[in-house]
Structures are given as structure tokens and as C-alpha cells.
Amino acid sequence: MYYAAMRPAEVIHLQESQCRLPASGWGLLNLKGGVVTAGKEWTDDGAVHEIHSLKRRAAKATRPVPIPPVLVRMLREHIGSFGVASDGRLFHNAEGNYIDVSAYGITWGRAREAVLTLDEHALDLAKRPYDLRHAGISFWLASGVDPAECARRAGQSIQILFRYYAKFLADARNHATP
């Protein structure tokens with residue numbers, strides 16, 4: 001989520017066919033949508049999960065996101081260790097089904113407990129997995145990636161980028177002035 005600034009629903013839906021994972025160097029994720037838990041009573045076919053197009057995009061729209069070598073290696077190792085589900089999804093439970101939000105929420109909570117100091121935990125640092133998306137976008141901006149390119153990679157408008165990251169950009173400007 002961090003390296004590609006992905007939404008949790010996009011991660012759960014990520015398929016091997018959407019990934020260009022070379023043996024070395026940068027790769028590419030061609031994101032196509034996400035999966036949300038709706039509940040059997042709220043879907044047309046009685047399924048618990050519902051596949052959606054990318055947020056605020058046409059049904060067939062895709063979003064290419066370059067990914068650094070470290071994420072390429074992580075995804076290659078993950079596929080090597082766990083394989084893919086029958087439909088090509090990278091992340092699945094033992095039965096090959098979608099990962100439930102509550103399952104990754106519990107795992108996220110345990111990970112926070114294991115690695116954060118008491119002060120960091122009290123500050124709600126990385127409180128939810130979605131915070132990794134915000135951290136990734138902030139990193140792109142801090143690294144000098146053009147804001148329009150950051151917005152494109154994140155799949156949002158530049159107006160939304162500035163609305164949510166204006167404070168970050170103002171802080172960077174203050175550090176740059178004498």
C-alpha cells in the first residue's frame with residue numbers, strides 16, 4: 001500500500017496480470033479496480049464481496065503506477081511463497097477467497113503493537129492500513145515528484161491532492177526559504 005499508494009480495496013483485488021515484475025529494477029502495477037465487502041443482502045448476486053471499478057473512474061479505466069525495486073522484490077517473493085488465487089489475485093486467504101477486512105485489521109493492529117513505541121502508538125501513528133496510502137503520497141511529494149504526477153499515480157485530482165496535502169507542501173516550502 002505504501003510504495004504504490006494503493007487503497008485497501010485495490011490491494012485485495014490486485015491480480016498477477018496487473019503486475020509487471022521484472023527480475024531487477026522498477027516495475028509497474030496497472031490497477032483496475034477494487035473489492036469491497038458489501039454483505040450478501042446488499043449485492044445483486046448474493047455474494048459477500050463486490051468488485052468495483054477504480055474510484056471515480058469509468059468501468060474499464062486503469063491506473064498505471066510505477067513501483068520501486070523493493071516492492072517488485074516483495075511481490076515476487078510473495079507470489080513465490082503463497083502463489084495466486086484461482087482468479088490470479090495475489091492476496092487471498094488459505095481457501096483462496098478474498099481477505100476479509102477484519103482479518104487484515106487484526107493483523108495490522110498486531111503489527112503496530114510489535115513495532116511502534118508507546119508514544120507512537122498513543123499518537124495513532126499509522127492507525128489504519130489506509131494511512132500507508134497517505135504516507136506513500138507524502139513521500140512522493142517530499143521526494144520531488146511533480147504534484148500532477150503524484151495525483152495521477154494516486155488516482156485523484158490535483159485539487160484533492162492539494163486539499164489533503166497542502167499542509168505538507170506548505171511545511172516543505174517553509175523549510176526551503178531562508
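Trainee: Is Gln 15 buried or exposed?
Mentor: This is a predicted model, and in it Gln 15 counts as buried because its relative accessibility is 18%, with the cut-off for buried at under 20%.

Trainee: Where does Gln 15 lie?
Mentor: In a loop, with helix H1 (8–13) on one side and strand S1 (19–20) on the other.

Trainee: And which residues is Gln 15 in contact with, leaving aside neighbours within four places in sequence?
Mentor: Asp 87, Gly 88, Arg 89 and Leu 90.

Trainee: Switching to cysteines. Is Cys 19 buried or exposed?
Mentor: Cys 19 is buried, at a relative accessible area of 15%. Cys 150 is buried too, and its value is 0%.

Trainee: Which lining residues are closest to its centre?
Mentor: Met 1, Val 11, Met 74, Phe 91 and Leu 132, out of 22 residues that line the largest pocket.

Trainee: And which elements give two or more residues to that lining?
Mentor: Three helices are on that list: H1, H2 (69–82) and H3 (101–115).

Trainee: How do the lining residues divide into nonpolar, polar and charged?
Mentor: The lining of the largest pocket has 20 nonpolar residues and two polar ones, with no charged residues.

Definitions and conventions. Residues are numbered from 1 along each chain as its sequence is written. This is a predicted model: local features need pLDDT of at least 70, side-chain atom pairs count only at pLDDT 80 or more; totals for chains, interfaces and linings use all residues. Side-chain values use heavy atoms; hydrogens and water are left out. Helices (H or I, at least four residues) and strands (E, at least two) are DSSP runs, numbered from the N terminus. Buried means under 20% relative accessible area, exposed over 50%, partly exposed in between (1.4 Å probe, protein chains only). Contact means heavy atoms within 4.5 Å. On a 1 Å grid over the protein atoms alone, a cavity is a set of points where a 1.4 Å probe fits but cannot get out, and a pocket is an open set with protein on both sides within 12 Å along at least five of seven lines; lining residues have an atom within 4 Å of a point. Ala, Val, Leu, Ile, Met, Phe, Trp, Tyr, Cys and Pro count as nonpolar, Asp, Glu, Lys and Arg as charged, and the others, Gly among them, as polar.
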